[in-house]
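Work through these exercises with the model open. Each task is followed by a stepwise solution.

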Amino acid sequence: MSEAKDRELRALQAALAAEHAAVYGYGAVGGRIAKELRTDARAAYDAHRARRDALMREVKDTGGEPVAAAAGYALPFPVPDAAAAVRLAAELENRVAGVYSDLVRASRGERRRAAAEALREAAVRAVRWSGESVAFPGLAERAHPASVAPTPAA
């Protein structure tokens, strides 16, 4: 496999891993989110599940073995209430935007367009959840300091 294709496959796998974490994280969000925000949380959860499933197919089509979801993930902070659930949702979206930014850089053609669309969607959801935007969503070096999204639990 060429270096460019290998880089693209690694970026696809990273996006898939981030989508696995987002799906898990939205489970925690959904358990604590305020009633009036449940529809938004469910829509985000469904969007991440759809992206996850599409990425699994893309990884297979590229000749890779899709990275599996972890059995559990450590959340970046406790989620005891609705306010923390909203903060977690924003954090999940910022993390996903970051990996899609990497996929945009690593890919070409239709895959790059799809990655840019996923980046845009995550950035819009992050703004909706947090009420704040950044000039360059998905680019950590251009964003405000942020904490880490859920990571696989050991």
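**Exercise 1. What percentage of the 154 residues in the chain is buried?**

Solution. The model is predicted. Buried residues make up 42% of the chain.

**Exercise 2. Decide how helix 2 and helix 3 are oriented, and describe their contact.**

Solution. Step 1: take the axes. Those of helix 2 and helix 3 come within 13 Å and cross at roughly 25 degrees. Step 2: apply the cut-off. Angles under 35 degrees count as roughly parallel. Helix 2 and helix 3 are therefore roughly parallel to each other. Step 4: list the contact residues. Helix 2 brings Ala44, His48, Arg51 and Leu55, and helix 3 brings Glu93, Val96 and Tyr100. Step 5: sort them. Four are nonpolar, one is polar and two are charged.

**Exercise 3. Which residues touch the most other members of the largest nonpolar core?**

Solution. Step 1: this core has 20 residues, and Ala15, Leu55, Val96, Tyr100 and Leu103 touch the most other members. Step 2: trace the sources. Helix 1 (3-32), helix 2 (38-61), helix 3 (82-106) and helix 4 (109-130) each supply at least two residues. Step 3: follow Ala15. Leaving aside residues up to four places away in sequence, Ala15 touches Leu55, Val99, Tyr100 and Leu103. Step 4: look elsewhere. Another core, of 15 residues, lies apart from the largest one and includes Ile33, Phe77, Val79 and Leu92.

Terms used
Residues are numbered from 1 along each chain as its sequence is written. This is a predicted model: local features need pLDDT of at least 70, side-chain atom pairs count only at pLDDT 80 or more; totals for chains, interfaces and linings use all residues. Side-chain values use heavy atoms; hydrogens and water are left out. A nonpolar core is a set of buried Ala, Val, Leu, Ile, Met, Phe, Trp, Tyr and Cys residues joined through side-chain atoms within 4.5 Å. Buried means under 20% relative accessible area, exposed over 50%, partly exposed in between (1.4 Å probe, protein chains only). Helices (H or I, at least four residues) and strands (E, at least two) are DSSP runs, numbered from the N terminus. Contact means heavy atoms within 4.5 Å. Axes are lines fitted to C-alpha atoms, for helices over the stretch in contact, and angles run from 0 to 180 degrees between N-to-C directions. Angles under 35 degrees count as roughly parallel, over 145 as roughly antiparallel, 65 to 115 as roughly perpendicular and the rest as oblique. Ala, Val, Leu, Ile, Met, Phe, Trp, Tyr, Cys and Pro count as nonpolar, Asp, Glu, Lys and Arg as charged, and the others, Gly among them, as polar.
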